[in-house]
Structures are given as C-alpha cells and as structure tokens.
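Colleague: Could you walk me through this model, one question at a time?

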Amino acid sequence: MADSLPIRQIVFIGNSLQRLGLKTLKEYESKDCKLWQVTKERMKKLLPYFCQDCHSAAQVLHHISYEHLGAERTSEVAWLCRDCHTKRHQDLSNWAKHAP
C-alpha cells in the first residue's frame, strides 16, 4: 500500500503512528490494537454496516483518508467486503503506477 501513496501522505501517516506509539499502519489496523478495535465498533454504530461498493456483508473498515489517524471521522472510512477492499487497493496501486 505504501508504494501507492504520495510521499507527503507517507510522512504524515508515519508522524501520526509515532504520535500513537506505533511503528506501522499494519500494527495500528491489527486485532491487537485497542484503539482500532474501538474505532471499528464506533463506526459500526455510525456508518451503514454493509459493503459500500456492492452492498454485501461488511468485513473490513477501509481508510479513505488517514488525516485523523487514531480519531477517524465517518468521512474517512468505509465498510467494505473483502473482495471490494482488495479491488480498491488494486485500483490505488494501478493509479499510482500511471500517475504523472
């Protein structure tokens, strides 16, 4: 995923993770991170709990933006099924490869 992000966003995410006492985004989004688990539970109550792309069962809370990492807003995440989540990341990766 980091390969598909602009350098400014990578630095911003790194600074946000450091503020949270974490080293990687994977560490933040793990089952062991209580803050991420609380965020997911909060988003289950605030957002429609189904895939925003295909309307099947929600399985993954996807970051649209990392601006408020650790204090995500509803506009910065979306529930997706695993297939749509994978597709979104593939689309981001393809976009980054062909961006000017």
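Colleague: Let's start with cysteine 84: is it buried or exposed?

Modeller: First, a word on the ground rules: this is a predicted model, so local features need pLDDT of at least 70, side-chain atom pairs count only at pLDDT 80 or more, and totals for chains, interfaces and linings use all residues. Residues are numbered from 1 along each chain as its sequence is written, and side-chain values use heavy atoms, with hydrogens and water left out. Buried means under 20% relative accessible area, exposed over 50%, and partly exposed in between, with a 1.4 Å probe and protein chains only. Cysteine 84 has a relative accessible area of 13%, so it counts as buried.

Colleague: How many disulfides does the structure hold?

Modeller: A disulfide is a pair of cysteine sulfur atoms within 2.5 Å. For cysteine 84, the nearest cysteine sulfur is that of cysteine 81, 3.6 Å away, and cysteine 84 is in no disulfide. Over the structure, the number of disulfides is zero.

Colleague: Which residue of β2 is the bridge partner of valine 60?

Modeller: Strands here are DSSP runs of E, at least two residues long, and helices are runs of H or I of at least four, numbered from the N terminus. Two strands pair if DSSP finds at least two bridges between them; β1 (residues 60-63) and β2 run antiparallel and are joined by four. The β2 partner of valine 60 is leucine 80.

Colleague: Is serine 75 buried or exposed?

Modeller: Serine 75 sits in the loop between β1 and β2. Its C-alpha is 9.3 Å from that of histidine 63, twelve residues away in sequence. With a relative accessible area of 56%, serine 75 is exposed.
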